[in-house]
Amino acid sequence: MAREILKRIGTAALTVFAVATLTFFLTRAVPGNPFLSEKNPPQAVLDALNEKYGLDQPLYVQYVKYLGNLLRGDLGVSVKLQKDYPVARIIGEMFPVSAAIGFFALLWAVLLGVPLGCLAAYRRGRGTDSALQVVCTLGVSLPSFVVASLLLFAFCGGIAGWKLFPTLFQAGDWRSYVLPCFSLGFYPMCYIARQSRASMLDALGQDYIKTARAKGLRTGRILFKHALRNALLPVLTYLGPQVAFTLCGGFVVETVFTIPGLGRYFVQSISSRDYPVILGTTLFLASFLVGMNLLVDLLYQAVDPRIRLGREAA
Amino acid sequence: MNRVRLPAGVLAGALVLGALAGCGGGEIGAGSSGGLDLRVCIASEPATLDPAKNSTLDGSILAQHLFEGLMRWENSGEAVEGARGLYRARLAPGQAQRYEKTVHDDGAVTYTFTLREGLRWSDGAPLTAGDFVYAWRRLADPATAADYCYLIDMVSGYEAVNSGAAEPAALGVSAPDDRTFVAELTYDCPYFLEICAFPATLPVREDVVEADPDGWTHDAATYLSNGPYRLAQWRHNSRIVLERNPSYYAAGGLGPETITFQLMDDAAAILSAYRSGDLDFIKSVPVDEIPALLANGDLSVVDQVGTYYVSYNTQRAPFDDWRVRKAFTLAMDSRYLVERVTQTGQIPANAFVPYGVPDADPEGEDFRTVGGGYWAAPDTPEQYAANVAEAQALLAQAGYPGGEGFPVVVYSYNNDPSHEAIAQALQQQWQSALGVTVTLESGDWSAFLADRKAGNYQIARNAWVADYSDPCCFLDLWRSGGGNNDAQYANPDYDALIDAAKAAADPAERMALLHRAEDLLIGEDWVLGPIYFYTQTYLLAPDLDGVFYTPLGNFFFGEAARI
């Protein structure tokens with residue numbers, strides 16, 4: 001088991017390395033560069049900038065240097081968006097903001113999505129089920145900028161004399177978190193509810209449930225003790241990468257609610273060709289994603305003892 | 001672990017929520033006692049707060065609240081007609097109390113500035129003329145890599161310093177004593193005093209900059225300034241809070257207690273924040289909201305010195321023929337574009353240099369009024385029809401009667417709803433007026449810019465907004481081989497006119513040469529297709545007054561007050 005985990009960690013490290021390499025060369029292949037502007041700085045100034053950030057050297061030298069710095073944990077400094085500010089500090093400042101919103105968004109998505117899914121499965125075909133289906137289909141198909149913009153309009157002063165939440169994000173003020181968390185968690189909630197409903201239905205049809213019923217167990221116990229555990233597997237599979245994506249910030253929600261999070265910054269860095277920031281944020285997200293997948297693999301065992309890492313399934 | 005512990009997750013959530021609630025409050029600018037806490041939104045996060053390295057208008061607005069140069073923009077008290085709570089700015093001595101200008105026999109000029117008495121930095125330390133010498137040398141030094149270093153190219157020794165041939169100390173600025181700053185200019189530059197108020201020439205503190213050249217702007221503790229306000233807080237991608245600088249010589253006359261610059265980029269979110277009372281002043285609004293905001297008088301429209309135009313690639317067929325370029329220029333219905341597409345009072349252009357740029361006599365008519373137009377702007381449908389008829393004749397002369405045989409051409413622009421709306425209208429106008437086929441191609445800003453600079457296009461969206469009030473700012477762009485010569489225009493006669501204008505000692509002669517350069521650029525070679533002269537828009541809360549501005553795009557909030 002320990003060996004298997006080590007092997008997995010090795011693969012994860014290799015994946016992150018591959019991401020670093022691909023991102024490095026892809027960002028350089030895109031036309032444009034960080035110092036392009038409508039202004040017309042003299043060549044001496046452009047030369048000085050390229051030299052300062054090492055962009056005057058051949059690409060393979062830059063690549064080797066970048067990997068070397070990476071091994072020492074040095075992500076470099078922003079060359080454009082926040083001139084000379086260390087990328088690690090940028091991530092350090094912005095990730096907690098995104099993570100807090102992402103955490104609460106997923107929390108309510110899971111806490112509400114799973115029980116609603118179970119309920120729908122239990123009341124299959126009845127009014128509750130149909131109503132939930134409508135809400136969930138809506139949630140899965142509505143783009144988040146529509147949800148976010150509608151909420152902003154409806155609750156932040158768009159209707160005269162009706163302003164429940166602030167329009168400007170204030171870190172630490174709970175009212176600033178309500179709408180972003182709702183918008184960010186709406187899609188996962190609906191997705192999770194649908195997912196749980198489907199797998200719960202599947203589980204309820206299994207023989208061991210019939211056995212449990214035959215033994216005369218109470219419905220609640222059958223649902224939550226026996227069926228839910230199996231029904232949770234697909235939800236867990238979905239949650240693994242989703243946690244990484246959500247915690248690293250949603251671009252749309254961060255833009256609409258002006259949240260100083262990582263998601264918005266990630267997109268800005270690409271359009272301004274801020275190479276070190278693109279690389280730093282991509283690597284951060286990639287490592288997080290790989291780590292979450294690893295964690296999900298381990299959690300599978302907790303939920304389903306039949307799954308054993310590195311062993312043939314019994 | 002053989003059970004999924006959901007309750008543990010809930011507990012953890014509750015803990016984090018508690019922690020978040022605990023750290024609320026105590027935010028700067030969240031409402032200090034009595035005074036005005038102004039909240040504005042100009043743009044998103046500035047790339048830098050280093051005045052020398054800044055190259056954006058929003059960064060420039062911030063710098064001019066935090067610092068003060070030898071000269072400054074002050075409120076003239078002259079209200080702008082039809083605009084809410086807004087006044088015109090005028091140039092006045094700033095940190096300098098007075099200046100003397102000496103013109104030498106060889107055309108060189110010496111400016112001697114005498115600083116005010118008792119000037120101090122925001123940490124209380126005295127400010128001396130040496131601080132200006134340091135800042136100006138730093139600006140010229142190529143190692144600083146300042147985008148705007150060329151703004152002081154009139155100072156003697158600049159070329160040698162900026163090309164790396166001489167040490168920064170060779171720049172023609174000096175401080176004979178703590179209150180005297182001397183600048184030696186190679187010629188009598190008419191806009192030099194305006195440059196003395198430009199952000200790039202603002203003083204910076206040598207000790208903090210040298211201690212951490214790349215990091216001093218990132219921390220409010222080391223961000224020392226000398227202007228009316230000082231940096232209280234910078235929360236990246238969120239807001240920048242300025243507070244009154246008690247060391248400023250006129251701190252008593254300041255309006256707002258604090259000025260918070262909210263860093264936002266979503267126009268709809270910005271407007272929501274303004275409507276809900278969370279912002280007092282905003283600049284950008286969603287395009288589709290403009291008619292309603294104009295109708296109810298909320299949106300104010302004021303001049304800006306800038307031109308929106310298309311540039312033709314003069315080195316590639318079919319736009320290597322001036323008749324084709326002129327035909328395309330005449331076929332644009334700029335009146336339709338400003339009335340139906342942009343909708344904010346822009347002026348249809350019939351030349352390149354916009355209104356608001358002074359001519360030889362600063363008090364007299366401006367450059368545009370003196371120069372007149374190069375064709376009749378399509379103010380009426382009849383005029384547009386006449387322009388189209390002329391355009392069709394030109395295209396026929398060029399060998400494409402009725403657009404026959406004309407290749408499919410591509411119009412390039414950068415992704416943006418407003419540029420796209422203009423692109424679609426232009427496409428339709430060109431196609432129906434000239435019988436040609438135009439396709440549209442949009443790209444992201446950086447890729448678009450790279451292609452446009454390299455001449456890798458046929459027709460491209462373009463725009464230029466003045467940095468200082470001089471026609472040279474617009475005409476210098478089109479010299480052969482210039483870095484911003486997107487049209488790839490190369491005409492030795494044009495280069496000679498610009499060179500002669502730059503060397504001219506007599507202001508009248510200089511302006512005459514610049515008019516001739518524009519005649520050549522637009523009137524004869526039709527290198528560019530000007531569409532409209534810019535305006536800028538803003539919304540100011542109805543209970544506020546006392547904001548002042550320059551048509552160069554600077555807004556000043558230091559005297560704003562509640563009515």
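Buried here means under 20% relative accessible area and exposed over 50%, with partly exposed in between (1.4 Å probe, protein chains only). The model is predicted, with local features needing pLDDT of at least 70, side-chain atom pairs counting only at pLDDT 80 or more, and totals for chains, interfaces and linings using all residues. Residues are numbered from 1 along each chain as its sequence is written, chains are lettered from A and ligands numbered from 1 in the order in which they are written, and side-chain values use heavy atoms, leaving out hydrogens and water.

Start with the open sheet in chain B, where four strands run in the order β4-β5-β7-β6 with antiparallel pairing. Strands (E, at least two residues) and helices (H or I, at least four) are DSSP runs numbered from the N terminus, and two strands pair if DSSP finds at least two bridges between them. At the edges sit β4 (96–103) and β6 (173–177) of chain B, each pairing on one side only. On average, neighbouring strands are turned by 20 degrees against each other, direction ignored. Inside the sheet, β5 (residues 109–115) and β7 (residues 180–185) of chain B share six bridges in the antiparallel sense, and T112(B) has V182(B) as its bridge partner in β7(B). Helix α3 (residues 129–140) of chain B lies across β5, β6 and β7 of that chain, at about 165 degrees to β6(B); axes are lines fitted to C-alpha atoms, for helices over the stretch in contact (heavy atoms within 4.5 Å), and angles run from 0 to 180 degrees between N-to-C directions.

Now for the charges. With a salt bridge taken as a Lys or Arg side-chain nitrogen within 4 Å of an Asp or Glu carboxyl oxygen, the count over all chains comes to 33. One of them pairs R264(A) with D265(B) at 3.8 Å, N to O. R264(A) is in helix α11 (residues 262–271) of chain A and D265(B) in the loop between β10 (258–262) and α7 (267–275) of chain B, so this pair joins two chains. R264(A) is buried at 0% relative accessible area, while D265(B) is partly exposed at 36%.

Another salt bridge, D188(B) to K101(B), spans 3.1 Å, N to O. D188(B) lies in the loop between β7 and α5 (192–195) of chain B and K101(B) in strand β4 of chain B, so parts 87 residues apart in sequence get tied together. K101(B) itself is partly exposed, at 42%.
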